[in-house]
Amino acid sequence: MTALIEGLPNAVALRCIARVPFHLHPKLELVSHSWRAAIRSAELFKARKEVNSSEEFLCVFAFEPENLSQLYDPMHDRWITLPILPSNISHLARFSVASTAGKLFVLGGGSDAVDPLTGDQDGIFATDEVWSYDPVTRVWNRCASMIFPRAMFACCVLEGKIIVAGGFTNYRKSIYNAEIYDPEKDVWVQLPDLHHAHNSACSGVVVGSKVHVLHKGLSTIQVLENVKHGWTVHEYSWLQGPMTVVREKLYVMSNWFIYKQEKEVREMVVSASEFRRRIGFAMIGLGDDIYIVGGVNGPEHWNCNIKVLSDVDVLTLGNERLVWRKVAPMTRCRGTILACTQLRI
């Protein structure tokens with residue numbers, strides 16, 4: 001690598017460049033070939049951590065356009081479009097996303113494609129595919145496949161490793177199986193099975209360094225604290241609805257209110273009545289904020305139109321007066337949100 005900045009050692013120059021926001025990296029690449037190589041180097045992203053300039057993004061996959069995702073940069077209120085996921089499965093849906101080891105992972109799911117002539121669906125309900133996106137090289141790569149094909153399943157990151165559990169396999173058959181992925185070794189290992197499955201989708205959250213798996217319609221919650229000891233079953237009677245974790249606290253939207261939920265105790269935080277007509281949205285935490293992303297506005301009795309949304313609404317917790325505010329809408333993605341996660345770059 002030739003000198004990046006005249007008169008400075010490259011190690012020092014990299015630490016200077018590392019302070020530049022991620023959304024400006026494509027412009028920095030235009031300076032020279034050596035700058036392009038530096039911008040796409042692991043050394044630069046290591047330097048970003050060393051100078052404490054890593055940034056937190058939201059990553060959003062929506063129904064439209066197919067297999068496309070965007071990053072939201074809250075510091076600069078702007079959206080960045082990622083390359084299209086190169087899976088051969090068209091209109092991928094029912095998948096999960098996670099981020100760890102500086103990469104974004106897309107796991108499982110199946111096709112929502114419909115033949116426009118016959119109305120037949122693609123027929124792929126669940127797959128074992130796993131893809132990772134590396135923000136350093138800006139390339140999607142195929143990873144080791146999961147042990148079991150699955151869709152509509154719980155997916156969490158615990159101590160840097162990805163844990164998946166439950167959901168449905170092909171032929172819409174619910175499964176008990178759980179497995180864990182090591183991103184450094186690119187290896188899946190089977191975990192102890194869940195105690196029970198259910199004929200509904202399941203989701204997962206990490207609270208208090210424990211994985212919690214919830215099935216829609218069931219009050220029981222299956223908890224994994226230690227991968228060697230397996231799952232335990234608890235009757236927490238948590239509220240049902242969209243949920244997210246902010247600063248180690250669980251927040252749930254139920255009956256158009258946001259509640260803070262701690263085991264059996266819940267506290268109403270704020271009204272969410274402005275989203276009453278909104279369906280198919282994502283609720284996710286980032287920093288001190290709760291984000292409501294995308295979705296569609298359903299029809300009212302006097303209006304049959306369905307409005308596809310790219311809107312993003314934010315609530316900052318801890319403020320004296322809790323008020324929802326709008327930020328920059330998605331620029332490419334819109335409509336029903338298929339998956340959403342955080343990504344630190």
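The side chain of T316 forms a polar contact with the side chain of R325 at 2.8 Å (a polar contact is a pair of N or O atoms within 3.5 Å; within protein, one must be able to donate a hydrogen and the other to accept it, and residues adjacent in sequence count only if both atoms are side-chain atoms). This is a predicted model, where local features need pLDDT of at least 70 and side-chain atom pairs count only at pLDDT 80 or more, while totals for chains, interfaces and linings use all residues. Residues are numbered from 1 along each chain as its sequence is written, and side-chain values use heavy atoms, leaving out hydrogens and water.

**Around T316**
- A polar contact also joins the side chains of T316 and D289, at 2.7 Å.
- T316 counts as buried because its relative accessibility is 17% (buried means under 20% relative accessible area, exposed over 50%, partly exposed in between, with a 1.4 Å probe and protein chains only).
- Not counting residues up to four places away in sequence, T316 touches D288, D289, L322 and R325 (contact means heavy atoms within 4.5 Å).

**The nonpolar cores**
- The largest nonpolar core has 34 residues, of which F61, L71, L104, V106 and W140 touch the most other members (such a core is a set of buried Ala, Val, Leu, Ile, Met, Phe, Trp, Tyr and Cys residues joined through side-chain atoms within 4.5 Å).
- A second, separate core of 17 residues includes Y72, V327, C333 and I337.
- Leaving aside neighbours within four places in sequence, W140 has contacts that include F61, L104 and V106.
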